[in-house]
Amino acid sequence: MHVVLAGGGTAGHIEPALNTADAIRARDCGYTLSVLGTERGLETTLVPARGYELTLIPAVPLPRRINKDLFTLPHRLRAAINRVEAHLIATNADVVVGFGGYVAIPAYLAARRAGVPIVVHEANAKPGLANRIGARFATAVVDTVAGSIAGARTLGLPLRFAIRTFDKEQARAAAIETWQLSADKPTILVFGGSQGARHLNEVVAESAPSLIAQGFQILHSVGRNNLDQMVTGVPGYVTIAYIDRMDFAYGIADVAVTRAGAMTVAELTAVGLPALYVPLPIGNGEQRLNAQEVVQAGGGVLIDDAEFNSGVLLSTLSQMRTRGLEEMSKAAAACGHLNDVDTFVDIIFDAAKTRKASS
C-alpha cells in the first residue's frame, strides 16, 4: 500500500506529517510513503532530511480580498489538482492524509476525484479552510482539540520518537555538553517556533541581566530569520539560531517562554515542561486556544503579545517560581499524550484498506 501525506508550508503542518510517516515506517509493514509540498515551504529541506520523497505541486493560496489572484484561482487550483492526481495514479495511492495548509486543498480534491480515501488531521483548536473542506468528504477525521471539527475523533498530536521516548536525565546531560550550560542553575528555554519570534527575542534580551542576577541561565533560540538578534559574550545567556535537538533543550529546561503553536504545546506537555505562553497575535486566535487546556490545568501561564514586556516577564516567572515549577510540571504532564500516533496510524491503515476492498 502507498500512503500520500499532504503537509506543507510551516513546521506546524510538516512536523505532524513527518512524525506520522516515521511511525508508519517503524511498523515495517511494507507500506511506501510520499509527501506533497510546495517550493515555498520548509518542506523542501525538512522532508528530504527525514528521508522521504517530496513531490512538489503549485502553491495555491486563497486570496483574502478581490484582486487579480482571485480571478486566476480556478486555473491555478485546477493545475494543482491535476498534478496531485497524476501523482496518485503514478504511485497507485491507497490513502491521502492531509494536515492542512496550501497543499491540502488540491490534495483533498484530487483524491476525491480519483476515488482515494482521505484522512484529515487538524492540529489547531480552530481548523483552517483546507481541513474544513476536506472533512466534508473524508473517510476519517482526527482533531487534537476536542470539538474543532464536528464528528472528529480526538487524539494527541503525532510526536517525534525522541519525544515519545524522552528521558529527562539523559537529555539534560546531552544539553549540558552541547551548549556548555551549568548543571547547577535553573534554566529558562526560549523559542518562538520554527521561524522565531522577534518580539519574544527583544523582551528576553532586555530581561536577561535581571534573570541571570536571579540565578537563572537562559538557552534562547532566536530563529534562523533573526540572526541579527543573536547575543554573545553574556555569561549565562546562550543564544543560537535554531535548536535541532529540542529533546536536549527540554531536558535542561525548568520553564519555557514560547509561542503556543499546536506542536509546541503538545511537546511541552508530553515532556512535562511548564511554560509562559505568548500566543502569536495574528491568525484566527488558535494559539490562545491551543494553550488553554494546559493553562487551566495549572501547567502554564498565558500572556497576550501586546502585554508582553520585560516587567511582565520578570514578574510572571517570579510568580511561577513561587507557585512551584515542579508542581506546574506535573500539571503540564497530565495534559500530555505520548503514543496517540499509533492509534492514528491504525486509522490511516483502516482507511487505506477501504481502497483495496473497493478496487
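**Rings and charges up close**

Modeller: Let's start with Phe 99, which is buried, with a relative accessible area of 5%. Keep in mind that this is a predicted model. Phe 344 counts as buried too, at 2% relative accessibility.

How many aromatic pairs are there? The count comes to 2. In one of them, Tyr 31 and Phe 349 are stacked, with 4.0 Å centre to centre and 25° between the planes. That pair links distant parts of the chain: Tyr 31 is in the loop between α1 (11-27) and β2 (32-37), while Phe 349 belongs to helix α14 (residues 340-358), 318 residues apart. Both Tyr 31 and Phe 349 are buried. Then there's Phe 99 with Phe 344, an edge-to-face pair at 6.2 Å centre to centre and 80° between the planes. Phe 99 sits in the loop between β4 (95-98) and α4 (104-114) and Phe 344 in helix α14, so this pair ties together parts that are 245 residues apart in sequence.

Rings also meet charges here. Arg 112 lies over the face of Phe 137, 4.5 Å from the ring centre. Over at Tyr 242, the charged end of Arg 224 sits over the ring, 3.8 Å from its centre.

Arg 224 has another partner: it forms a salt bridge with Asp 244, and their closest N and O atoms are 3.8 Å apart. Here Arg 224 comes from the loop between β9 (217-221) and β10 (237-240), and Asp 244 from the loop between β10 and α9 (246-252), 20 residues apart. Arg 224 counts as partly exposed at 46% relative accessibility, whereas Asp 244 is exposed, with a relative accessible area of 57%.

Salt bridges that share partners also join Glu 15, Asp 22, Arg 25 and Arg 50 into one network. In total, the count comes to 13 salt bridges. Have a look at Arg 50, whose side chain meets that of Glu 15 in a salt bridge (3.4 Å, N to O). Arg 50 lies in the loop between α2 (43-49) and β3 (54-56) and Glu 15 in helix α1, so the two tie together parts that are 35 residues apart in sequence. At 22% relative accessibility Arg 50 is partly exposed, but Glu 15, at 15%, counts as buried. Arg 50 also forms a salt bridge with Asp 22, the closest N and O atoms being 2.7 Å apart. Asp 22 is in helix α1, 28 residues from Arg 50, and counts as partly exposed at 23% relative accessibility.

How values were computed. Residues numbered from 1 in each chain as written. Predicted model: local features only at pLDDT ≥ 70, side-chain atom pairs only at ≥ 80, totals over all residues. Heavy atoms only, no water. Phe/Tyr/Trp six-rings, centres within 6.5 Å; stacked < 30°, edge-to-face > 60°. Helix = DSSP H or I, 4+ residues; strand = E, 2+ residues; numbered from the N terminus. Buried < 20%, exposed > 50% of the residue type's maximum accessible area, 1.4 Å probe, protein only. Lys NZ or Arg CZ within 6 Å of the ring centre and 35° of its normal. Salt bridge = Lys/Arg side-chain N within 4 Å of Asp/Glu carboxyl O.
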